[in-house]
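Have your viewer ready and follow along.

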Amino acid sequence: MDINRNKKEETSENTPIPQDNRLSQRAEELLQKLTLEEKIGMIHGAQLFQTAGVARLGIPPLKMSDGPMGVRQEFLPSQWKPVGNQDDYVTYLPCNSAVASTWNRKIAYDIGSVLGEEARGRGKDVILGPGVNIKRSPLCGRNFEYFSEDPYLTGELAAAYIQGVQLWDVAACVKHFAANNQETERLWTEVEIDEEALREIYFPAFYDAVKKGGVHTIMGAYNKLYGEHCCQSEYLLNQILRKEWGFDGVVISDWGGVHDTNAAANSQLDIEMSVTNDFDDYFMARPLLKKIKAGEIREETVNQKVKRILILMQKLHMPGVDTSGIPRKSGAYNTPGHRKKALEAARESIVLLKNEAHMLPLKPEKQKRILLIGENARALHANGGGSAEIKALYEISPLMGLKTRIGGNSEVAFAQGYCRDTQEPQDAQESNWQEKSLENGGGTQQNTQNQKTQPDSPASLSKKREKLREEAVKLAAEYDTVIFIGGLDHTYDSEGNDRADMKLPYEQDLLIQQLLEAKKDLIIVMIVGSPVEMGSWIAQADTVVWSYYAGMEGGSALADVLLGLVNPSGKLPETFYKSHLDCSAHSVGEFAGKKSVAYREGVYVGYRYMDKYGVEPQFCFGHGLSYTTFAYTDAKLDFEEKLIGYMLENTGEYDGSEVIQVYVRRAGSRIYQELIRFEKIFVKAGQRVPVCISLEHMNRGDAYCIGSSSKDIRLTINS
């Protein structure tokens, strides 16, 4: 055989050029035609949410949008003022914490797909999400935008989410890389952390986004790490992201995350964005142009960035750049199918924390008079939270959801019960908070400066709440079923704002205590973005339901669960501490309030810390009840094939889904146990199904623990 002849044939003109080569060749072809000024225009914001295109060559601008919970409304090109049209209402999706509480990769994929299709339908090229930062502390104001405290759960769901987004010729932009775990002083906080903790806790979800999700773009973080701002970090963007992980996509700065022209230009950052409208004065705009012309910075640094942008545009099949002949998907938004997916995700996200008296599910035919108490029964949450705010097509409140589900044969009444310190958050049509979002170091604790304050003094507010409590408690005695619906809102769960503690605001604890005294069978529902303290009433409460911000159909989903139309299957994606002082970020490490923050807890984050040191949570990682019960039996291990098998039986009266969780306890490890696999399995009442779990790595001496939560271990198998 003539080896040389065969090699020649393999590279003949008739053989298709590999895609990577074709994309690179096309990018080089366009790069040669661009002037330096045109190239500079492509690597920084020319509007608040887009770069400059090059019309003479048919190169379009790159259009971006915020959107972990939906595609954000349209703003004027250079002002943080909404355009004000009626054509940018969108599907309001469950927050990432809600997606995580489904423990369902398909749900994550479906929600990502809805977001991607709506972004494309709105003409966007990059959607700025998902957020995958680890929930190091329950006080971080943006925790509702993130998935979990666990790197494996986060990475699995993020990868599926990204694949769903990018199905629609839209780039996901995973954020914020890396160790961005607080809002206080977020622009200047120096994170002090050892590399082991970075690699075991804070990096894996980003790695999975790159390797499993195939993410096209990554957003840098505001904070500093090892003396460098993350958006221009040699260590993060070059050593880790490009060289070690082989990421060849586009890196975008957080808005205002760049601080130096030389550092940014010579880093692996590709696009600088910010919140100000002096676009030509951005660090990678006119200042960079001047330095290149002066010979201080090589033009090749810009060429590399532009080439990556041009390759991205081809991957997205953007006309004028892509020559593949594949038409770009057009997308769509506000479709019935999208609303259906939002409802499905919301239903699976709801977590039943307690049901000791078996008050739930309620029997609709027996519910003649129901009283809902609490501001969150009627509150809407779409238009708050910072850059996660959504101009929702609609949002179903719990009050509306229950009324529409239960029908006219039952009375459903409402009592306010408590009031906020402030009025409703500023309407999105008037909002300009982002103009000032780089002030005060980028964020504070308990920052309510962007809310319209009431004229009431603390004393008058307390009197007002006392009156509302008295009215609610008196009314509760008159109703068959009383449901308290409280929790948090985006005064507390918000970008630029960390909480001071985990306490429920607005004197809700006192209201709950008094309601429990008057109505022992009170049903408590929490609608929140982060855990709250429950110690003053949890022991007296028999029934507690948990819902993260669950999107436009959140109220309908809650009603479905309360009425037994849906069997709850959500599990907690984070530890619920009794107090934030039980969290390792506070008991061992540092959180907020300083220019540098020491992550002294290292790898002991969330349940890893609680398990290792025997600290009892309020509710453990992975906890969530069902209206049915499940039995785990007949465990077997095949070490050679790296398989674990057992039988899962639904021993109750309701069909339901169980999230089976596999933890490993490694011989000689400092970590007590770590989540290594999970699957969500539907089982009909009375049915017994075989479960087979494949593990990538199985070591002699390790123990594999299978259970319904991190503390409810049903089977232990030693290898």
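Which residues does W546 touch, not counting residues up to four places away in sequence? W546 touches I350, V351, L353, M526, V528, S530, P531, V532, M534, L572 and F576, where contact means heavy atoms within 4.5 Å.

A word on the ground rules before going further. This is a predicted model, in which local features need pLDDT of at least 70 and side-chain atom pairs count only at pLDDT 80 or more, while totals for chains, interfaces and linings use all residues. Residues are numbered from 1 along each chain as its sequence is written, and side-chain values use heavy atoms, with hydrogens and water left out.

**The cores**

W546 belongs to the largest nonpolar core, which has 208 residues; F177, W255, W537 and W546 touch the most other members. Helix α6 (residues 151-166) gives this core its largest share, eight residues. Apart from it lies another core of 21 residues, including F639, V662, I676 and Y704. A nonpolar core here is a set of buried Ala, Val, Leu, Ile, Met, Phe, Trp, Tyr and Cys residues joined through side-chain atoms within 4.5 Å. Buried means under 20% relative accessible area, exposed over 50%, and partly exposed in between, with a 1.4 Å probe and protein chains only. Helices (H or I, at least four residues) and strands (E, at least two) are DSSP runs, numbered from the N terminus.

**Two helix pairs**

Two packed helices are described by the angle between their axes and the distance between the axes. Axes are lines fitted to C-alpha atoms, for helices over the stretch in contact, and angles run from 0 to 180 degrees between N-to-C directions.

The axes of α5 (residues 105-121) and α6 come within 6 Å and cross at roughly 40°. The two helices are therefore oblique to each other; angles under 35 degrees count as roughly parallel, over 145 as roughly antiparallel, 65 to 115 as roughly perpendicular and the rest as oblique. The crossing of α5 past α6 is right-handed, meaning that the near helix is turned clockwise from the far one by less than a right angle. From α5 the contact draws on residues including R105, Y109 and L115, and from α6 on residues including Y152, E156 and Y161. Sorted by class, this contact has nine nonpolar, five polar and two charged residues. Ala, Val, Leu, Ile, Met, Phe, Trp, Tyr, Cys and Pro count as nonpolar, Asp, Glu, Lys and Arg as charged, and the others, Gly among them, as polar.

How many of the nine residues of helix α17 (residues 554-562) are buried? Nine of the nine are, so α17 is largely enclosed by the rest of the structure. Its cover includes α13 (336-349), α14 (398-406), β15 (481-487), β17 (523-528) and β18 (543-548). With α14, α17 packs at an angle of about 55°, the axes being 7 Å apart. That makes α14 oblique to α17, and their crossing is right-handed. P398, G401, L402 and R405 of α14 meet G555, S556, L558, A559 and D560 of α17. After α17 comes G564, whose phi is positive, near 80°.

**Some buried residues**

V132 sits in the loop between β4 (126-128) and α6 and counts as buried at 1% relative accessibility. V132 and F206 are 74 residues apart in sequence, yet 7.2 Å apart in space, C-alpha to C-alpha. Setting aside residues up to four places away in sequence, V132 touches Y146, F147, T154, A158, V174, K175, A205 and F206.

Q314, in helix α12 (residues 299-315), is buried too, with a relative accessible area of 1%. Leaving out residues up to four places away in sequence, Q314 touches R22, L23, R26, A27, V321 and D322.

**Backbone geometry worth a look**

Most residues other than glycine have a negative phi, and most peptide bonds are trans. Here are some exceptions to inspect.

| Site | Feature | Value |
|---|---|---|
| G129 to P130 | cis peptide bond | omega near 5° |
| F177 to A178 | cis peptide bond | omega near 5° |
| A179 | positive phi, not glycine | phi near 55° |
| N334 | positive phi, not glycine | phi about 60° |

P130 is in the loop between β4 and α6. A178 is in the loop between β5 (171-177) and β6 (190-192), and A179 lies in the loop between β5 and β6. A179 counts as buried at 3% relative accessibility. N334 lies in the loop between α12 and α13 and is buried, with a relative accessible area of 18%.
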